[in-house]
Amino acid sequence: MKAGCHLSSSGGYLAMAQTAVSIGADVFQFFTRNPRGGAAKPIDKADVDAFLEYAERNGIGPILAHAPYTLNAAGEEPRVREFAESTMMDDLKRLEFTPGAMYNFHPGSHVGQGVEKGIELISGMLVRIFDAFGRIPSTTILLETMAGKGSEVGRDFEELREIIDRTESRIKGVRLGVCLDTCHVWDGGYDIVNDLGGVLDEFDNVVGIDRLKAVHANDSMNVRGSHKDRHEKIGKGKIGIDAFAHIVNEPRLRELPFYLETPCDLQGYKEEIALLKSLAQGD
Ligand SMILES: [Zn+2]
Ligand SMILES: [Zn+2]
């Protein structure tokens, strides 16, 4: 199986890949810029080239870039939506330097405007970005499943389906995927502990299983349906180790890259990556 974790991008791409190798990871996730917003560091072409060569040689990838948390395409204030649009555009341009990457973002929070308005704002932003990009980005763009904290859009599969449909119906050739966060779907109410197969059947019926491109592997501090979004270490939360054994062996998930976002330091991540791999049968 392909497993890795979230890493600090402060040292650049090559440093992240070297760190990944040092902890037994095959993949990694990183923030494109400060998660609270702000400007991204300029692309260092020498670092990117060294990374691409190193990643190829060591079998690292696909890498998953995570948009800043402050990116809210469904915000009420125009300046919030403009920040979301310009940031995603800039991130996608930068990711062209690392072809085949994936880009994950939180669809947004409608902040009282209602889910329908939120979905319209999010798909509208995606259409404008794809339109302005001028060609199909080499990056696969993923909507993350959300816990439904506050007014988050994307708390159920139907909302994700609606964003995808409205975007793809208005702009040709683009293709959106989904990143399944185990903590978020659990907190959102989906019973991946007792009925993982049923949840994936539902995902397949509503969104289509081929849309699923990545898994955020996180245990949860809270009970199912809590809408809290507090990540816990694997096996230490309410999802539990038995459920993760099912998750990593589930035929519809096991070929996907798994990215840990648990409250761990590097040593902790190294142990969790080994744990996930030991749970995966035949590994
Ligand atoms: Zn996220
Ligand atoms: Zn996540």
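What follows is a working chat about the structure shown above.

Colleague: Before we start, what kind of model is this, and how are things numbered?

Modeller: This is a predicted model, in which local features need pLDDT of at least 70 and side-chain atom pairs count only at pLDDT 80 or more, while totals for chains, interfaces and linings use all residues. Residues are numbered from 1 along each chain as its sequence is written, and chains are lettered from A and ligands numbered from 1 in the order in which they are written.

Colleague: How many helices and strands are there?

Modeller: The protein chain has 9 helices and 12 strands, where helices (H or I, at least four residues) and strands (E, at least two) are DSSP runs numbered from the N terminus.

Colleague: And what about the overall radius of gyration?

Modeller: A compact globule of 283 residues would have a radius of gyration near 19 Å, and the protein chain agrees with this at 18 Å; the radius is taken over C-alpha atoms, and the globule rule is 2.2 Å times the number of residues to the power 0.38. Along the principal axes, the C-alpha atoms fill a box of roughly 45 × 45 × 30 Å.

Colleague: What share of the residues is buried?

Modeller: Of the 283 residues, 45% count as buried, a label that requires 20 or more other C-beta atoms within 10 Å of the residue's own, with 12 or fewer making it exposed, anything in between partly exposed, and C-beta atoms placed from the backbone.

Colleague: Let's look at α3. Which of its residues are buried?

Modeller: The buried residues of α3 are Arg81, Ala84, Thr87, Met88, Asp91, Leu92, Arg94 and Leu95. Seen down the helix axis, they fall within an arc of 160°, so they line one face of α3; the arc is that of the directions from the helix axis to the C-beta atoms. The face turned away from that side carries the exposed residues Pro78, Arg79, Glu82 and Ser86.

Colleague: What does the buried side pack against?

Modeller: The buried residues of α3 pack against β3 (64-66), β4 (102-105) and α4 (115-133), with a contact meaning that the C-beta atoms of two residues, placed from the backbone, lie within 7 Å.

Colleague: What span should α3 have, and what does the model give?

Modeller: The 18 residues of α3 (residues 78-95) should span 26 Å at 1.5 Å a residue, and the end C-alpha atoms are 26 Å apart, which agrees; the expected span is 1.5 Å times one less than the number of residues.

Colleague: And α1, which residues are buried there?

Modeller: In α1 (residues 13-22), the buried residues are Tyr13, Met16, Ala17 and Ala20. They cover an arc of only 95° around the axis, which puts them on the same side of α1, and they pack against β1 (3-6), β2 (27-31) and α2 (45-58).

Colleague: Switching to the core, which residues touch the most other members?

Modeller: Tyr103 and Ile122 do, among the 73 residues of the largest nonpolar core, a core being a set of buried Ala, Val, Leu, Ile, Met, Phe, Trp, Tyr and Cys residues joined through C-beta atoms within 7 Å. The largest share of this core, 7 residues, comes from α4. Leaving aside neighbours within four places in sequence, Ile122 is in contact with Ala73, Ala74, Pro107, Gly108, Val153 and Ile163.

Colleague: Which way does β6 pair with β4, parallel or antiparallel?

Modeller: β4 and β6 pair in the parallel sense over 4 bridges, and strands count as paired if DSSP finds at least two bridges between them. Methionine 102 has threonine 140 in β6 as its bridge partner. Strand β6 (residues 140-144) is also joined by 4 bridges to β8 (residues 176-181), again running parallel, with glutamate 144 standing opposite cysteine 179 in β8.
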